[in-house]
Amino acid sequence: MAIERTFSIIKPDAVAKNNIGAIYNRFETAGLKIIASKMVHLTKEQAEGFYAEHSERPFFGALVAFMTSGPIVVQTLEGENAVLTHRDILGATNPAEAVLGTIRADFAQSIDENAAHGSDSVESAQREVAYFFSAEELCPRTR
Ligand code: RTP
Ligand code: MG
């Protein structure tokens, strides 16, 4: 299987509930390596830019308001089949439909505040990683 990179966000609800470490543990247990990481508090413009593909959706305003409501933690994850591996451990967008043991089933309350984000393809991952991290901020593992 190919070594891929994916982009991940621990959203404001999960940061507020002190679940950063627990979610990082899920990444590492799944064999995903954190190769870049930082906490940021998005501006409205940054959140709108990141979610531009959803700008015509009815939930866009609520999504931007939520994503700017508090700090988030963003990371680049690297590993075998990283995009799908990460989506698998995230679980369904709606936590009520997520399999028990997934991040959203265990840490999220609603589809609007669903604990974490993961890129949906290798192409999205490249764009999303570059939205938050410069090349110098990525630290691939040598051991
Ligand atoms: P994400 O991008 O955050 O990883 O989530 P996803 O791929 O599973 O879902 P996506 O369709 O990309 O939607 C992005 C985020 O918008 C919110 N959403 N709300 N109320 C709704 O019907 C609705 N649908 C989506 C969620 O917070 C979702 O994560
Ligand atoms: Mg998405």
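Which of the 13 residues around ligand 1 come nearest? They are K11, R87, T93, N114 and H117, where a residue is near a molecule if one of its heavy atoms lies within 4 Å of it.

Before I go on, a word on conventions: this is a predicted model, in which local features need pLDDT of at least 70 and side-chain atom pairs count only at pLDDT 80 or more, while totals for chains, interfaces and linings use all residues. Residues are numbered from 1 along each chain as its sequence is written, chains are lettered from A and ligands numbered from 1 in the order in which they are written, and side-chain values use heavy atoms, with hydrogens and water left out.

Let me stay with the ligand. By class, its shell holds four nonpolar, five polar and four charged residues; here Ala, Val, Leu, Ile, Met, Phe, Trp, Tyr, Cys and Pro count as nonpolar, Asp, Glu, Lys and Arg as charged, and the others, Gly among them, as polar. An oxygen atom of ligand 1 lies 3.0 Å from a side-chain N or O atom of H54, and for the side chain of R87 the corresponding distance is 2.9 Å. With T93, a polar side-chain atom is 2.4 Å from an oxygen atom of the ligand. Taken alone, ligand 1 exposes 560 Å², of which the protein buries 81%, the areas coming from the Shrake-Rupley method with a 1.4 Å probe, and for residues only the protein chains shown count as cover.

Next, two strand residues, strands being DSSP runs of E with at least two residues, and helices runs of H or I with at least four, numbered from the N terminus. I3, in strand β1 (residues 3-10), counts as exposed, because its relative accessibility is 59%.

Finally, the loops. N18, between α1 (12-16) and α2 (20-29), has a positive phi near 60° and is exposed, at 70%. A115, between α6 (103-107) and β4 (116-118), has a positive phi near 75°, yet is buried, at 0%.

Notes:
A polar contact is a pair of N or O atoms within 3.5 Å; within protein, one must be able to donate a hydrogen and the other to accept it, and residues adjacent in sequence count only if both atoms are side-chain atoms. Buried means under 20% relative accessible area, exposed over 50%, partly exposed in between (1.4 Å probe, protein chains only).
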